[in-house]
Amino acid sequence: MKLNDVLLGLVKLHPGASGYDLRRIIAQSTQYFMNAQLSQIYPALKQMTADGLMTFDEVTTEGGRLSKRYYLSSSGEERYLEWLREPIDYTLSLNTQRVFLLKLTFIGSLPVNEQINYVQDALDYFHYEHDELMAGHIELENEYLSSKLPERDSVLNLWQWEVKFILEREEGLISWLEQLLRELEGKAAGA
């Protein structure tokens with residue numbers, strides 16, 4: 001997940017935001033999935049403006065300083081929609097959930113049928129991931145540990161707890177996605 005894509009999404013949802021505003025918005029919304037500092041945001045905004053993805057107006061603040069307020073250009077809009085439509089590279093990792101949820105933050109910009117497809121693809125993947133975890137990964141990991149390792153039992157015990165945590169999290173995510181999918185399908189049927 002690239003900072004530029006997230007910034008395009010945030011400017012789409014908050015036209016006229018300054019770099020400082022974007023940092024505050026990240027801290028209040030997407031920080032759990034992706035964090036960025038002003039030292040990363042300002043160079044990204046400058047580059048995206050140079051690339052024609054954003055425009056800005058300069059506004060004088062109450063304190064008399066100039067502040068740039070950013071907007072998506074038509075090229076920025078196109079790039080934003082391209083990013084939303086790019087499939088996620090699902091991999092067996094907790095990072096996949098983070099990437100999925102971060103992109104979900106912005107997926108409401110797409111038509112409801114594309115939202116449904118996005119959620120259905122994720123649901124299919126997370127069912128697969130859950131099944132893979134249930135297939136006995138502890139037994140596989142057990143094979144990699146040396147039988148002479150003094151803390152072997154302790155390590156295996158903690159791995160079992162980790163897998164239990166991941167499975168419970170997966171089950172909750174799957175249930176949540178099923179509910180979200182039903183809601184989106186209801187909106188599509190009512191449209």
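## Confidence along the chain

Helix α7 (residues 137-144) has the lowest mean pLDDT among the elements of the chain, at 65, while α4 has the highest, at 97. Here pLDDT is the predictor's confidence in each residue, from 0 to 100, and helices (H or I, at least four residues) and strands (E, at least two) are DSSP runs, numbered from the N terminus. The chain averages a pLDDT of 90, and 94% of the residues score at least 70. Where pLDDT is low, the predicted coordinates should not be read in detail.

This is a predicted model, in which local features need pLDDT of at least 70, side-chain atom pairs count only at pLDDT 80 or more, and totals for chains, interfaces and linings use all residues. Residues are numbered from 1 along each chain as its sequence is written, and side-chain values use heavy atoms, with hydrogens and water left out.

## The nonpolar core

Let's look inside. The largest nonpolar core has 45 residues, and Leu-7 and Met-54 have the most contacts inside it. Such a core is a set of buried Ala, Val, Leu, Ile, Met, Phe, Trp, Tyr and Cys residues joined through side-chain atoms within 4.5 Å. Buried means under 20% relative accessible area, exposed over 50%, and partly exposed in between (1.4 Å probe, protein chains only). Among the elements that give two or more residues to this core are α1 (3-13), α2 (19-28), α3 (38-50) and β2 (66-72). Helix α6 gives the most, with seven residues.

Contact means heavy atoms within 4.5 Å. Not counting residues up to four places away in sequence, Met-54 touches several residues, including Leu-7, Val-11, Leu-45 and Tyr-70. In α5, the buried residues include Val-99, Phe-100 and Leu-102, and their cover includes α1, α4, α6 and α8.

## Charged pairs

Side chains of opposite charge can pair when their charged atoms come close. A salt bridge is a side-chain nitrogen of Lys or Arg within 4 Å of a carboxyl oxygen of Asp or Glu, and a search of the whole structure finds eight. One of them joins Glu-77 and Lys-12, with the closest N and O atoms 3.0 Å apart. This pair links distant parts of the chain, since Glu-77 is in helix α4 and Lys-12 in helix α1, 65 residues apart. Asp-5, Arg-79, Glu-82 and Glu-86 are linked in a network of salt bridges.

Is Asp-21 buried or exposed? Asp-21 counts as buried because its relative accessible area is 17%. Asp-21 forms a salt bridge with Arg-24, where the closest N and O atoms are 3.7 Å apart; both residues lie in helix α2, about one turn of the helix from each other. Another salt bridge joins Asp-21 to Arg-69, at 2.7 Å between the closest N and O atoms. That pair spans 48 residues of the chain, from helix α2 to strand β2.

## A buried charge without a partner

Glu-129 sits in helix α6 (residues 112-134). Glu-129 is buried yet has no salt bridge, and the nearest side chain of opposite charge, Arg-169, is 8.3 Å away. For charge, Lys and Arg count as positive and Asp and Glu as negative; His and the chain ends are not counted.
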